[in-house]
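Subject: Structure for you to look at

Hello,

Here is the structure I promised. Please open it beside this email and follow along.

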Amino acid sequence: RRAPLLAPSFLAADLANLQAETERLATSAADWLHFDVMDGRFVPNISFGLPVLQAVARYAKQPIDVHLMIEEPQHYLAAFRDAGATNITVHYEACPHLHRVVQQIKHLGCRAGVALNPHTPVALLEDLAADLDVVLVMSVNPGFGGQAFIPNTLKKVAMLKELLLDTGSDALIEVDGGVSLDNAGPLVEAGADVLVAGNFVFSAPEGPVATLARLRKHLD
Ligand code: DX5
Ligand code: ZN
């Protein structure tokens, strides 16, 4: 079993101090910086977008993992790349022409990811898996931080791992939502390569740097 990448989510950071938050993550065990974009249409909440990503990117030392919870993401891919995205993940449920969107992301020079809502079966990725760099499994319903982890995710990650082997895909499996010390171990056992964590990392009294170090030590 390989140690997973850790991706703290800015959604749970102190948004009034983004420079300080980004700088302290720069010296932490974070491997990627997870950036949640919500449009109030694909999900029932609005977070932040391009200008905020640009501001974060000025201080970021790690790759920025942009999770687009928006409708018609194809119109904004180049703008997110230009604003500093390393990885761009779009939702399966938001893209009737998902194959084209994935090619567009790769053409921009970004890693391409597809996110699956909790009700979306992994089997739907069979014909696209080999083209993907990342598959993001939502372990909560997207739209809000701080929700409870959906236990069925463990089974889903294991099934996805099998599908990736069967299709010869080297995509990373990323899990997003309600991740903490309670489920990180089993998730990695099941096949998760990247763990996103928002509230667990930023709400801990000892702060994000110590919490990420604790998570890293727990998983090593
Ligand atoms: C939810 C977002 C997540 C969120 C995770 O819609 O995609 O990235 O920030 O936050 P926690 O870890 O608090 O569930
Ligand atoms: Zn996310």
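**A residue in a loop**

Ser-9 sits in the loop that joins E1 and H1. Those labels come from DSSP: a helix is a run of H or I with at least four residues, a strand is a run of E with at least two, and both are numbered from the N terminus. Ser-9 counts as buried because 23 C-beta neighbours lie inside 10 Å. The cut-offs are these: buried needs 20 or more other C-beta atoms within 10 Å of the residue's own, exposed means 12 or fewer, and partly exposed is in between, with C-beta atoms placed from the backbone.

Which residues does Ser-9 contact, leaving aside neighbours within four places in sequence? They are His-34, Asp-36, Gly-145, Val-196, Ala-197 and Gly-198. Contact here means that two C-beta atoms, placed from the backbone, lie within 7 Å.

**Before you go on**

This is a predicted model: local features need pLDDT of at least 70, side-chain atom pairs count only at pLDDT 80 or more, and totals for chains, interfaces and linings use all residues. Residues are numbered from 1 along each chain as its sequence is written, while chains are lettered from A and ligands numbered from 1 in the order in which they are written.

**The sheet**

Eight strands make an open sheet. Their order is E1-E8-E7-E6-E5-E4-E3-E2, and the pairing is parallel. Which strands are at the edges? They are E1 (5–8) and E2 (33–38), and each pairs on one side only. From one strand to the next, the twist averages 25°. Angles run from 0 to 180 degrees between N-to-C directions, and axes are lines fitted to C-alpha atoms, for helices over the stretch in contact.

Helix H4 (residues 98–107) packs on this sheet. It touches strand E4 (87–91) and strand E5 (111–116). The direction of H4 makes about 145° with that of E5.

Now look at E7 (residues 172–176) and E8 (residues 194–197). They pair in the parallel sense over three bridges. Strands count as paired if DSSP finds at least two bridges between them. Asp-176 stands opposite Val-196 in E8.

**The annotated residues**

The UniProt entry is unreviewed, and under "active site" it lists Asp-36 and Asp-176. One caution: UniProt positions follow the numbering used here, feature names are shortened, and annotations may be inferred rather than shown by experiment.

Asp-36 belongs to strand E2. It is buried, with 24 other C-beta atoms within 10 Å. Beyond four places in sequence, Asp-36 contacts Ser-9, Phe-10, Leu-11, Ser-47, His-67 and Met-69.

Asp-176 belongs to strand E7. It counts as buried because it has 25 C-beta neighbours inside 10 Å. Not counting residues up to four places away, Asp-176 touches His-67, Leu-136, Met-138, Ser-139 and Val-196.

One "binding site" record in UniProt, also from an unreviewed entry, lists His-34, Asp-36, His-67 and Asp-176. They are spread over 143 residues of sequence but cluster in space, with a largest C-alpha distance of 10.5 Å.

His-34 is in strand E2. Is His-34 buried or exposed? It is buried, with 28 other C-beta atoms within 10 Å. Its contacts beyond four places in sequence include Ala-7, Asp-65 and His-67.

His-67 is in strand E3 (residues 64–69). It has 29 C-beta neighbours inside 10 Å, so it counts as buried.

**The ligand**

Around ligand 1 there are 22 residues. A residue is near the ligand if its C-beta atom, placed from the backbone, lies within 6 Å of it. Which come nearest? Ser-9, Leu-11, Gly-145, Gly-198 and Asn-199 do. E2, E8 and helix H7 (199–202) each give two or more residues to this shell.

By class, the shell has nine nonpolar, 11 polar and two charged residues. Ala, Val, Leu, Ile, Met, Phe, Trp, Tyr, Cys and Pro count as nonpolar, Asp, Glu, Lys and Arg as charged, and the others, Gly among them, as polar.

Best wishes
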